[in-house]
2 protein chains.
Amino acid sequence: MKTLAFKGYNKNSRFMKTYKSLTAVLMDHKLAALGDAYVNFAYSLVLSDRNEQPSGARVKGRVLAEALKKAGLRECLPSRMNRHMLADAAEALIVYGWLNGLVTLEESVTLLGKTEDGVEAFSQLLLTIKSRVRF
Amino acid sequence: MKTLAFKGYNKNSRFMKTYKSLTAVLMDHKLAALGDAYVNFAYSLVLSDRNEQPSGARVKGRVLAEALKKAGLRECLPSRMNRHMLADAAEALIVYGWLNGLVTLEESVTLLGKTEDGVEAFSQLLLTIKSRVRF
């Protein structure tokens with residue numbers, strides 16, 4: 001079953017801790033650091049498909065912060081949050097979704113590729129994960 | 001078979017072109033741009049496992065350039081190449097390996113996690129891919 005392990009990477013991973021709430025996931029800066037790498041890789045695949053040639057992408061914090069708000073997740077966070085913190089929250093939830101097998105990398109890429117509007121694309125991915133999260 | 005698609009991402013991907021030689025892969029800067037995202041994500045997973053908490057990583061060009069030389073791949077490239085170009089070559093080959101199903105993300109993470117010496121780790125990954133490449 002080795003080849004299936006990255007479907008939902010690692011429910012058994014040593015580094016996955018248990019979260020009590022959506023807010024706890026969104027506020028985890030360490031999760032955001034890993035999420036940053038996941039988001040850039042997934043979006044690089046989206047752009048590669050779209051451009052029909054291999055491409056690299058760094059997703060802007062502004063896009064992720066707006067996507068978080070559009071997905072109605074702003075209300076899960078404290079009032080004093082700057083754009084950088086909102087972007088971190090989006091990255092944290094996205095990689096949480098992948099680590100827990102709520103979305104695969106393939107599904108992430110498919111969802112993100114449905115529109116060229118980055119905010120809408122990440123908003124849809126966040127909404128999909130949000131709809132599947134259980135605490 | 002959806003969940004298996006990212007084992008070797010996309011032999012059918014629109015953006016994968018055919019390469020005539022190892023040198024052609026190593027010299028493809030667009031492949032390197034996507035490879036950069038793959039390498040950082042894979043190594044972020046390695047560090048997450050090692051640190052026992054989610055972590056983000058940006059792999060230094062110096063490490064990748066040294067790994068390329070250690071893997072005996074320097075000789076596949078023209079003589080005038082700076083460190084940045086050597087690092088690009090390493091990124092290109094690594095993601096080529098993944099895109100073509102020569103290594104999975106899981107195997108990449110496992111291989112990279114075997115030693116804390118980054119140069120040795122990436123050298124082993126490059127050697128593994130090199131040993132499986134056919135043109």
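Helix axes are lines fitted to C-alpha atoms over the stretch in contact, and the angles between them run from 0 to 180 degrees between N-to-C directions. Helices (H or I, at least four residues) are DSSP runs, numbered from the N terminus. This is a predicted model, in which local features need pLDDT of at least 70 and side-chain atom pairs count only at pLDDT 80 or more, whereas totals for chains, interfaces and linings use all residues. Residues are numbered from 1 along each chain as its sequence is written, and chains are lettered from A and ligands numbered from 1 in the order in which they are written.

In chain A, the axes of α2(A) and α5(A) come within 9 Å and cross at roughly 55°. The two helices, α2(A) and α5(A), are therefore oblique to each other; angles under 35 degrees count as roughly parallel, over 145 as roughly antiparallel, 65 to 115 as roughly perpendicular and the rest as oblique. On the side of α2(A), the contact is made by A:A42, A:Y43, A:L45 and A:V46, and α5(A) supplies A:L105, A:S108, A:V109 and A:L112. Contact here requires C-beta atoms, placed from the backbone, to lie within 7 Å. By class, these residues of α2(A) and α5(A) comprise seven nonpolar, one polar and no charged. Ala, Val, Leu, Ile, Met, Phe, Trp, Tyr, Cys and Pro count as nonpolar, Asp, Glu, Lys and Arg as charged, and the others, Gly among them, as polar.

A second pair is formed by α4 (residues 83-99) and α6 (residues 118-132) of chain A, which pack at an angle of about 55° with their axes 10 Å apart. That angle makes α4(A) oblique to α6(A). Here A:A90, A:L93, A:I94 and A:G97 of α4(A) meet A:F122, A:L125, A:L126 and A:I129 of α6(A). The contact of α4(A) with α6(A) has seven nonpolar residues, one polar and no charged.

Residue A:A90 also touches A:L64, A:A67 and A:L68, among others, not counting residues up to four places away in sequence.

Finally, the two chains meet: 30 residues of chain A are in contact with 30 residues of chain B. On the side of chain A that touches chain B, the elements giving two or more residues are α2 (29-51) and α5 (105-112). Of the elements, α2(A) gives the most to this side, with 13 residues. By class, the side of chain A that touches chain B has 12 nonpolar, 10 polar and eight charged residues.
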